[in-house]
Amino acid sequence: MSTKALRLGTRRSKLALAQSGRVAEAVSQVTGRPVELVEITTYGDVSKEALAQIGGTGVFVTALREALLKGEVDFAVHSLKDLPTGQPDELVLAALPEREDPRDVIVARDALKFTDLPPGARIGTGSPRRTAQLNAYARAHGLDIETVAIRGNIDTRVRFVRDGELDAVVLAAAGLQRIGRIDEVTDFLSVDTVLPAPGQGALAIECTADNADLIAALGELDDPFTRVAVTAERSLLAALEAGCSAPVGALADLPPLSTPLERGDPHADEQIVKEMRLRGVVGTTDGSRMVQLSTTGPVPETYDQAMALGRELAAEMLAQGAAGLMGERAQ
C-alpha cells in the first residue's frame, strides 16, 4: 500500500468527529499511512424534522456512501445503529471495532435518577424505541412521566435540561463516553428497563468492496464478538422489516459477563463464555403493548449462525403480534 494519506469520510457533528478521530488514529497505526478527515453533511444533519418523519433509515448515511462510491473518500465511519440493515453489494463493512457500553442513560436535573423523577416529569427523546420502553416501565411501576419528542445533538439535548425546559433527556452512553462527558450522566438505564437500539455503541468502518488491500488493513480493527452480536441484533431488526426509527430494541450479550462488565470489573472478560443471549423488544410508543422475548444459544461462530439467531427470535416475536406494534413497517 502507498504512503499517501487515506481519506476518512465523516459527519460533521462533534460526536462523529470524535469517533472518526479515534478510528483515524487506529487506522494510521495499522496502515502506516496518515489519515485525513473529510467532513460531509448528511440529510439527517440539516433536516429539522423528526427522524421517524423523514424515514430514519439511512438519513445519516447516504451522503457518506455516495462519497465512497464516487471515490471522494477511501473509507467512512458510521454509528452502526444509523446503518440500514441491507448492505449494498459495492460496499463492505470492513471492521466493527470493539463496542462501547450499549446502554441508554439519563441526564436529569438535580442529579436525579429515572425512578426518582417527580410526578409529571418531562423526559426528552427523539427515539420511538426509548419512548415505548420508558412509558411501558412507567405504566408497570406506577410512575407518572411525559415523554417529549426532541431533536438535536448532545449539546442541544442537554441544554433542554440545563435551561429547565425538560426534567431529563435520554442519550446513549457510548456517545457521551466518546466526547468525554460521561460524568454528566445521572443514571445508567439497565437493559432490563430499556433495551438499546440494535448495534448501539458500535461503530462501522465501511469501504468499497473492490479495495482488497484496504479491507485487509481495516480488518485488523475488527472485534469478532462485536461483529456476531450486532449481526444477530440487526438480523432481528431486518426480519421484523423495521427501520432504524422503529420502536425496536435488541441486545446480544454474554450473560455471565454482562453484570460484572456493567460494574466495571476489570477481570470479567477473562472468563470463557460459550453462550450468547439475544433479547428483543417491540412496543407501542405509549407503552401499553409490548412484545419482549429472548433466546440463548452457543456464541455464533459464523455470520450465517448470527443471522439465524436474529431471524429465529424475530419469528417468535412476530408470532406474538410484534408487527402490529410498529406502526408502518419499513419496506
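Reader: Is aspartate 101 buried, partly exposed or exposed?

Author: This is a predicted model, in which local features need pLDDT of at least 70, side-chain atom pairs count only at pLDDT 80 or more, and totals for chains, interfaces and linings use all residues. Residues are numbered from 1 along each chain as its sequence is written, and side-chain values use heavy atoms, with hydrogens and water left out. Buried means under 20% relative accessible area, exposed over 50%, and partly exposed in between (1.4 Å probe, protein chains only). Aspartate 101 has a relative accessible area of 25%, so aspartate 101 is partly exposed.

Reader: With which residue does aspartate 101 form a salt bridge?

Author: A salt bridge is a side-chain nitrogen of Lys or Arg within 4 Å of a carboxyl oxygen of Asp or Glu. For aspartate 101, the closest N and O atoms of the bridge are 2.7 Å apart, and the partner is arginine 103.

Reader: Which parts of the chain hold aspartate 155 and arginine 181, whose side chains meet in a salt bridge?

Author: The N to O distance of this bridge is 2.3 Å. Helices (H or I, at least four residues) and strands (E, at least two) are DSSP runs, numbered from the N terminus. The two residues are 26 residues apart: arginine 181 is in the loop between helix H6 (173–178) and strand S9 (187–188), and aspartate 155 is in helix H5.

Reader: Which side chain of opposite charge is nearest to arginine 157?

Author: Arginine 157 is found in helix H5 (residues 154–162). Lys and Arg count as positive and Asp and Glu as negative, while His and the chain ends are not counted. Arginine 157 is buried yet has no salt bridge; at 8.9 Å, the nearest side chain of opposite charge is aspartate 104.

Reader: Are the rings of phenylalanine 114 and tyrosine 137 stacked, edge-to-face or tilted?

Author: Rings of Phe, Tyr and Trp (its six-membered ring) pair if their centres lie within 6.5 Å; planes under 30 degrees apart count as stacked, over 60 as edge-to-face and the rest as tilted. The count by this rule is one aromatic pair. The centres of the rings of phenylalanine 114 and tyrosine 137 are 5.6 Å apart and the planes are at 45 degrees, so the pair is tilted.

Reader: Over which residues does pLDDT stay under 50?

Author: pLDDT is the predictor's confidence in each residue, from 0 to 100. The mean pLDDT of the chain is 88. Where pLDDT is low, the predicted coordinates should not be read in detail. The stretch with pLDDT under 50 is residues 50–56.

Note on methods. Contact = heavy atoms within 4.5 Å.
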